[in-house]
Structures are given as C-alpha cells and as structure tokens.
Amino acid sequence: MSVLTRDEAQTRAQLLDVHHYAVDLDLTTGDETFGSTTRIRFTARAAGNTFVELKPDALHSAALDGTPLDPADLDGNRLPLTLTEGEHTLSITATMRYSHTGEGMHRFTDPTDGEAYVYTQLFMEDVQRVFAAFDQPDLKSVFEVSVTAPEGWTVLSNGITEQQPDGRWTAAATPPISTYLVCVAAGPWHSVRTEHAGLPFGIHCRRSLAPHLDADADEILDVTKACYDRYHEKFDEPYPFDSYDQAFVPEFNAGAMENPGLVTFRDEFVFRSAVTATERMTRAMVIAHEMAHMWFGDLVTLRWWDDIWLNESFAEYMGFQTINEACSELFADTWIDFGVTRKAWGYEADQRPSTHPVAPDPDAVPDTASALLNFDGISYAKGASALRQLVAWMGEKDFLAGINIHFKRHKFGNATLADFVDNLAAATDRDVHAWAEQWLRTTGVDTLTPRLEGEGSTWRLTVDRAGSRPHRLSVGIYDRDAVDAPVLRERHEIDVPQQAPLELSGPRPALVVLNEEDLTYAKMRFDDTSQHTVLWALSRIPDALTRAVVWNALRDMVRDGELEPATYLETALAHLPEETELAVVQGVLGFARTQIADRYVSEADRPAALAKLTEITRALLRRTEDGEAPGLRLTAVRACIDSATTPDKIASWLDEGTVHGGPELDPELRWRILARLAVLGATDEAAIAAELERDPSATGQEGAARCRAALPTAEAKAAAWSAMFDTDELSNYLFTATAEGFWKPEQAELTRDYVARFYPAAIAMAARRGPALAEAAGRRAFPAYAIDAESLALGERHLAEDTMIPALRRQVADQLDDLRRALRARG
C-alpha cells in the first residue's frame, strides 16, 4: 500500500475540486465483510492524471462518467484516473473487510449479550478501508451517507439520521468536511436523547452498559451543554452542524475522535466501577476537548498533517480551560491535573531523540506515515502549554479576537500555521510571528533556576535560563511561619530573560518557586535553600497548584539524574499522606510506582521501594477511614494492591469482597487484585476462569487475558506470547491486556529469553497488522523491565537495521530512551 506524500496531495489539490460524495454501506452481508458503494462528483481544473484511494477486500466495479474502469488497475490502494478538464462523476462498488484493530470499520461482539456493534475510525488513511475517496484533508466535500443495517439496529452519522420505509438509514447532508471526519456507528445502541439550544443532543452506548450510562447521563449532558454554551460565548461562529451526538464505542484506540456531529469515545468513559473525581474530570475535559474541535479541526481544518498541532493543541488547551470556567462547581482546578499528568507527558516526549517542534517544518512531514508519529505529548500537551503561555503573554481578550478572525476567514475551509499566526497578529500589537518562531519551531525544554544574591535585608533575584525561549511567569517568595511552614510573602510576574534582577527586601526567602502558577512550559529548579525547604515542608505549601509545580520539578530532577530516586520516595513518604489534592496524590504515586520502584531502583533495592509505597498507602488508608475522601481512599487502595509484595492481605480482600473499612470490591478492584496475585504466583487458571464467569463482560475478558499472561509459569508465558505474535486473532484491546500482563519486574528471569525474541516477533506482526497494533506492541509489549546494557545494545542494533514500520520504530526509539534514563538513574 502506498502512503500519500505531501507533494502528491498538493498536486491533486491543484487539479481537483471535490463537490459531493454519496456513500452507501451495506452492513447486512455477514460478520467479516460489508458492501460499499461510492459516487463522487468533482471538477478537474485541467486535463491530467490522478488517483482515488481504496483498500477493498474485493473491487467489483468502477466507472468514470459512465465508462467502466478495469478493477485490475487497482495498484495497492490506488485506482488511477485519467481526466479531461471539467465535471466528472466517479462510481465505485466494493466489498470491504471489518477490522478488529480499531481502524476503518471496527466490528465488536459484546460477550455479555452477543450483540454486535460497528463504528468507523477514519483518521489519516483509514477512510480507504470503508469507501473510495480522494483522501486528504484539504479536499473537503459534502457527504451524504446511507446505510443498510440489520433489523433492530440504530445508525448514527455526522448528520441527523432517519430510517426509511425500506429499512435503510439516511443521514442528512453534511457541510463541507474532510474525508477523515466522516463517521458511522451502528448497532442496537442504548440512547439517551435531549435537546439544547434548538439542536438534538444524544449519548449512546452498548446495551450492556445501559445502567452505567443512565447513572451518569445527567452529568455527561450537563457538561456537554455547559461547554456548548461557553464556546458560544467565546466564538463568534455558531456551532456549524445539525446535531450533537456522543457515542461511547468499544475497543476504541484513542480517547475520542472529533467527528462532526458524532463524537466517538472509548467506552471506558462509561464507568462501570468506582472512579475518582479526577477521572470524572478527565471525562469532562475530553468532552470539552472534542467539542472544541467542532470549530478548530472541523470548521477550519489543517491543510496538511504538519499542522496537526492546530487541531490538537488548541482543543487540549480549550478543553482544560473551558471545564475550568464552565464546570467549576463540579470539578476542582483542571490545570492542576494538566500539570501533573498531561504536561509531564509533554516534557518526556520533548526530551527524547524523537522530539519535534510543535509546528514542524513541512519537509519534516513528507507523508502520512510520518505524520502519524506526531500524535504525541508534543502536539497535545506541549502545544497546549505553549498556547497557555501565549494567552498569558498577549492576554485572553486579544487571543480570542485572533481566534475569531481565524474562524471567519477560513470557515469550512483549510488553514496553515502562517494563516493562524497572521490572524492572531491582526488582533494584537505583540510580535506574534517572533513568538511563534521561538515557541513553535524549536524543540526541547528550557530549564529555569533562581539565583539569589545579596545579604541582610536586600536581595536580588535572577532567573538563569538554559534554553532559548522567552517566558512570562510568576515567582512565589516564601518565608517560614511560626511553625516553620512556608507562607507566601509576595508574588511577582516577570519576563525571562529579565531586563534587571528582581529586587527583594526583608530576610532571605526560605523558598523561591518559579512558575508557581504553571503558566509556562519549562523545567524548574531550586536554589539550595529552597530545595532544603521543599524536602521538609512540601505538604505545607498552601496552594495546590504550587505543590504540583514543585512535585513536577522533583520528578524532572529524578529523571535527569539530579535527585536520588530514594530521596524522592522519602519525600513522598514524608508529605503524600498529608496531601489534599487528589491529582497530586495520583501523579506522585503513579511515578513512584511505575518508574521509580519498577525501573529506577536496582533489583536489590526494589523491595524497600515497594515497602515505602505500601507505608504511604497505609497512611492514606488510615487517614480516609472516616469516608470523607472516597477518591483518595480508592487511589490508596489501588496503589496498595499494585505494591503488594505478599498476597495475604489482598487475597483476604478478594475472599471477603471488601477492603477492611471499605470500599466494597467492584469488578475493577477484583480484577486488579487478581492480576497482582497472578504476578505473585498466588492464584491459578481456575480462579481466573471463575472470576471471568462472574464478570463475562468485555472488561472481564481483558482482565482474564491480563491475569493469564501474568502467571509466573513457562506455560502461561508461552501461551500469551503465541497469542500476541503467532496469530492475528487478538483484538487491539485483548492484545494490549495480554501485553500488560506479560512483562513484570518480579518475573525478569522467567521472561529473559523473550527479550531477544521481541524484535523479530514485533517487526513481523506490525508489518502484518498495521500501525495500531504496531503502536500497541511498542508501547505495551516492549521488554521494559530488562534494564541492562545488553538489552539496550540489542534494541539499538535492531533500530539501526531500519526494518520496522514507522509506528513501531517510534515506540521502540522512545522505549530505548527510557531504558537509558533508567540505567542512568540506577547508576
């Protein structure tokens, strides 16, 4: 199959003007394939040769202006076309194959009730798996979709759908949209419908999840309506589509997809077990993120994939900001969670060899395969951080004015970085073009360190910068109170680099915190006095966002080899039991467990690290016995399970169906305990089968796969390996669950022989099954706990051979970089 190059897309865009697609899908032809008929009306601006893309199971017929084309001319995914100047109609009929990898038309059968569901995910190149198309984002068109579906199914699409007397479903014509944004979701959906601002709104899920969706329907719809109203206060252009549906679909690869009028979400967001407030906030943020795309991405679309940040950075920033504004009564400050989780993702991605600018040079994204690699922490989290810094620098009023100019000039069309920056510049006297060059065209993370000079009661504060970007940030100056707790003396907004040092009066500060409102994107360090204060008084810093900034700085110092992992754990033990901000507790425990305990300390020191984590969780459990902080208690219970080094306590919880003092065990906690018992060799296949009989849901199937792969026997590892790499039967979710269970630090000796086997097995599987499974293999099935120089050298040799498809190669490169960091941390 040929990937589309930027040069080919530019040539085709100059030749064609695409007007209308009529797409007819037949979903009644069986479980393996479906019928697809496409009729495209378009204009050729001149005579010339081009092609239409299609990845069929069988191409039955094709005709250009009524003249048959030879199906044998299909070359991979390209059917060549020879055009005269003027109007044309292309008709193509094919049989297409359902996928089980979350790409194209994904088909899923619910193990709970046997009901089948299908949905499309057409991003980048996957529309070609469903219908014929001129598949590039700047050839927008009107789409009319019709679907023949089994009796009892409901069909959802980008426009309002209606069932016709013959049983077919037809969707209202869309405004001009890009091919990758077309969406169909069909099955016996459970739906909750309402109306808001004169438009039909709906939320949909599998029937087996109906009680769980109903329980949260009011919250989901309230968030949706609040975001809709807030965006209409921000944006001059009204919502551009005829309805707003949100479908929670099974085995979805991403968090969600911004299809106009029909957003698809992974259905883990329909919570079937207890969750924390931060997890509910994450769902709300994703709702806000996808709705922001209706304007930035759908109404105005990138011209080529080098500008994907225009879609994702904007939606990421708007998602967090809008939930903060519109849903403040439901959720705490969303920017704390952003700083702890999303921003850390950006920092990690930006310090790897695979880093790239937020807005890469077009030549760096020559084709769709390379473009797919840029959906990472840089395009999302770093880009959103840059936009937040931009708003702090130019002011929100001017920022929104520039955004509205952008929408007005390019609505239902396409735009580039240059267009965006020009439109922002039209709304401010700031030099936005220079800012964009410094922030969006460069890579890496600046590091900022405070330097205090003076004595007595006169001090000068200078911020030393390792890097090249300008920063507007806040500086918090703290003294000690009567009980030695940090107390804010003063806060200043400064620009870095500074024109002059900041003059301070009074005693030397006990603590200086740079970027304490987290408005810029940079790694923060401390002067010696401040670092001493942080280590003994962190939990007593009064503001939660400032504490998040400080924890992030300590995290970065561990990753950079400037702070001992053991010191981080000691700091967590000293302060986390007193922490009140749930997002901070989750972030610190997550880093301490998955990175420090599992990778950054030696095998000999790992039991002591896990013991410290267990001590932290016990302190949190004691603190939450009164039931006043259920989210904090749930977080502590999860961490206690994951850190257990002996089975007795967690096995008793499983036997009794409850944690002592609560909570009752729901399916998520039961599977979590069973998975840890499997790692510890304290359960068996009979217990796993019994639990699966108790919970035969899709999530139960994944839990069982994870547990079976985690059993510490040669037979279990061989079976799991064969399922992942020797056959292609596992769906994307079952592959991931199996991979998550396979590699465990406690089982390094048992899995040692598989380290060398990973590379040829993953390379072959990725070539067969494509980018989604390649990414899953590189992210989840990589031997991450083989932390030694030999494993690193082995990976580097395979990377140098250049036999991996790009999606796998990117993941392996990132994993090897993490391995280097782990080795440095151990040293």
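User: Why is Asp 728 called partly exposed?

Analyst: Asp 728 has 38% relative accessibility. Partly exposed covers whatever falls between buried (under 20% relative accessible area) and exposed (over 50%), using a 1.4 Å probe and protein chains only. So 38% puts Asp 728 in the partly exposed class. Keep in mind that this is a predicted model, where local features need pLDDT of at least 70, side-chain atom pairs count only at pLDDT 80 or more, and totals for chains, interfaces and linings use all residues. Residues are numbered from 1 along each chain as its sequence is written, and side-chain values use heavy atoms, with hydrogens and water left out.

User: What makes Arg 768 and Asp 728 a salt bridge?

Analyst: The rule wants a side-chain nitrogen of Lys or Arg within 4 Å of a carboxyl oxygen of Asp or Glu. Here the closest N and O atoms are 2.9 Å apart, so the pair qualifies. Arg 768 sits in helix H23 (residues 748-769), while Asp 728 is in the loop between helix H21 (714-726) and helix H22 (732-742), 40 residues away. Helices here are DSSP runs (H or I, at least four residues) and strands are E runs of at least two, numbered from the N terminus.

User: How do you know whether Asp 527 is buried or exposed?

Analyst: Its relative accessible area is 8%, so Asp 527 is buried. Its salt-bridge partner is Arg 508, at 3.5 Å from N to O. Arg 508 lies in the loop between strands E26 and E27 and Asp 527 in the one between strand E28 and helix H11, so the bridge ties together parts 19 residues apart in sequence. Arg 508 itself comes out partly exposed, at 33%.

User: And how many salt bridges does that rule give?

Analyst: The count comes to 64.

User: Why is H8 called oblique to H9?

Analyst: The axes of H8 (residues 396-410) and H9 (residues 417-425) cross at roughly 130° and come within 7 Å. Angles under 35 degrees are roughly parallel, over 145 roughly antiparallel, 65 to 115 roughly perpendicular, and the rest oblique. Roughly 130° belongs to the rest, so H8 is oblique to H9.

User: Which residues of H8 and H9 make the contact?

Analyst: From H8, they include Phe 399, Ile 403 and His 406, and from H9, Phe 420 and Leu 424 are among them. Contact means heavy atoms within 4.5 Å.

Note on methods:
Axes fitted to C-alpha atoms, helices over the stretch in contact; angles between N-to-C directions.
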